[in-house]
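Morning, everyone. I have one structure to walk through today, chain by chain. Let me put it up.

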Amino acid sequence: MGKDHKDLVVLLTQKRKEAGITQASLAEAVQVSRKSINAIENGIYVPSTVLAIKIATVLNCSVEDLFKLHDGTFPLLTESKKYD
Amino acid sequence: MTYFSRAVLLFICGIVQIFFSAHLLFDWNILDLPSDLMFIPGILVLLTWAILSLDYHFGNKDSKVALYDEYIADRFYKLGAAGYSITGLGLFGLFAIQDYSAWSLETANAFILNLSAFFWFVFGSLIVIFSYGDYKESVDG
């Protein structure tokens with residue numbers, strides 16, 4: 001199965017390792033299977049908003065720390081930075 | 001329910017569908033199956049659906065959160081979508097190759113049998129592929 005969304009950068013593996021949590025314990029904490037976490041980390045599956053928030057809560061970060069878009073894939077994203 | 005038992009359940013369900021559909025499509029007479037046994041794949045589908053539904057609602061809470069999570073649900077949707085797409089194309093093909101100038105009750109009957117056999121074959125194959133992939137992924141992935 002291929003990548004579900006080619007524009008998405010998944011930083012979950014990095015954040016999970018920083019937090020010192022295994023895929024299995026993260027899966028148990030957010031109540032999904034370990035292979036779901038693996039699929040998300042490999043970009044095979046894009047999680048629902050609820051699951052993304054659950055993962056971010058367990059890893060004590062924001063959803064944007066776990067998932068972001070490649071630079072230039074969404075022009076409004078760079079435009080909006082002007083108004084920050 | 002475990003990944004293994006679910007895979008076995010789905011594999012049996014799928015392989016029986018493939019066997020009965022091949023029996024119809026290719027006129028196999030290996031077991032000399034009487035036509036009144038053709039309800040078996042349907043009964044198996046209903047039984048599998050009942051077992052999985054009961055497990056989902058009343059099964060072990062810890063195992064079911066992993067067994068029936070959103071990733072698996074997404075897989076099931078994709079499986080269904082693939083099945084309907086393939087059967088849709090097959091339906092078009094089967095309708096297109098019929099000789100309507102020589103249409104009779106017998107040819108209509110054979111057409112309906114081919115149609116149902118093709119549907120069983122497509123969904124049976126997809127279920128077998130899913131059961132294998134799902135179990136393999138739970139071990140390796």
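Start with chain B. Of its contacts with a separation of 6 or more, 85% are between residues 24 or more positions apart. Contact here means that the C-beta atoms of two residues, placed from the backbone, lie within 7 Å.

A word on the source. This is a predicted model, where local features need pLDDT of at least 70 and side-chain atom pairs count only at pLDDT 80 or more, while totals for chains, interfaces and linings use all residues. Residues are numbered from 1 along each chain as its sequence is written, and chains are lettered from A and ligands numbered from 1 in the order in which they are written.

Back to chain B. It has 5 helices and 0 strands. Helices are DSSP runs of H or I, at least four residues, strands are runs of E, at least two, and both are numbered from the N terminus. The C-alpha trace of chain B spans about 60 × 30 × 25 Å along its principal axes. Of the 141 residues in chain B, 17% are buried. Buried means 20 or more other C-beta atoms within 10 Å of a residue's own; exposed means 12 or fewer, partly exposed is in between, and C-beta atoms are placed from the backbone.

Now one helix pair. At what angle do α4(B) and α5(B) pack? About 155 degrees, with their axes 10 Å apart. Axes are lines fitted to C-alpha atoms, for helices over the stretch in contact, and angles run from 0 to 180 degrees between N-to-C directions. The two helices are therefore roughly antiparallel. The cut-offs: under 35 degrees is roughly parallel, over 145 roughly antiparallel, 65 to 115 roughly perpendicular, and the rest oblique.

Who makes that contact? From α4(B), residues including Leu79(B), Ile86(B) and Leu94(B). From α5(B), a set that includes Phe111(B), Phe118(B), Phe123(B) and Phe130(B). By class, the contact of α4(B) with α5(B) has 12 nonpolar, 4 polar and 1 charged residues. Nonpolar is Ala, Val, Leu, Ile, Met, Phe, Trp, Tyr, Cys and Pro; charged is Asp, Glu, Lys and Arg; the others, Gly among them, are polar.

On to chain A. It has 6 helices and 2 strands. Along the sequence the pattern reads β-α-α-α-α-α-β-α. Of its 84 residues, 21% count as buried.

Look at α2(A), residues 23-30, and α4(A), residues 49-58. They pack at about 120 degrees, axes 10 Å apart. That makes α2(A) oblique to α4(A). Leu26(A), Ala29(A) and Val30(A) of α2(A) meet Leu51(A), Lys54(A), Ile55(A) and Val58(A) of α4(A). The class count for this contact is 6 nonpolar, no polar and 1 charged.

Which residues of α2(A) are buried? Leu26(A), Ala27(A) and Val30(A). They cover an arc of only 100 degrees around the axis, taken from the directions from the helix axis to the C-beta atoms, which puts them on the same side of α2(A). Their cover includes α1, α3 and α4 of chain A, together with α3 of chain B. Just after α2(A), Gln31(A) has a positive phi of about 60 degrees.

Last, the interface. It takes 11 residues from chain A and 9 from chain B. On the chain B side, α3, α4 and α5 each give two or more. The largest share, 3 residues, comes from α4(B). That side has 3 nonpolar, 2 polar and 4 charged residues.
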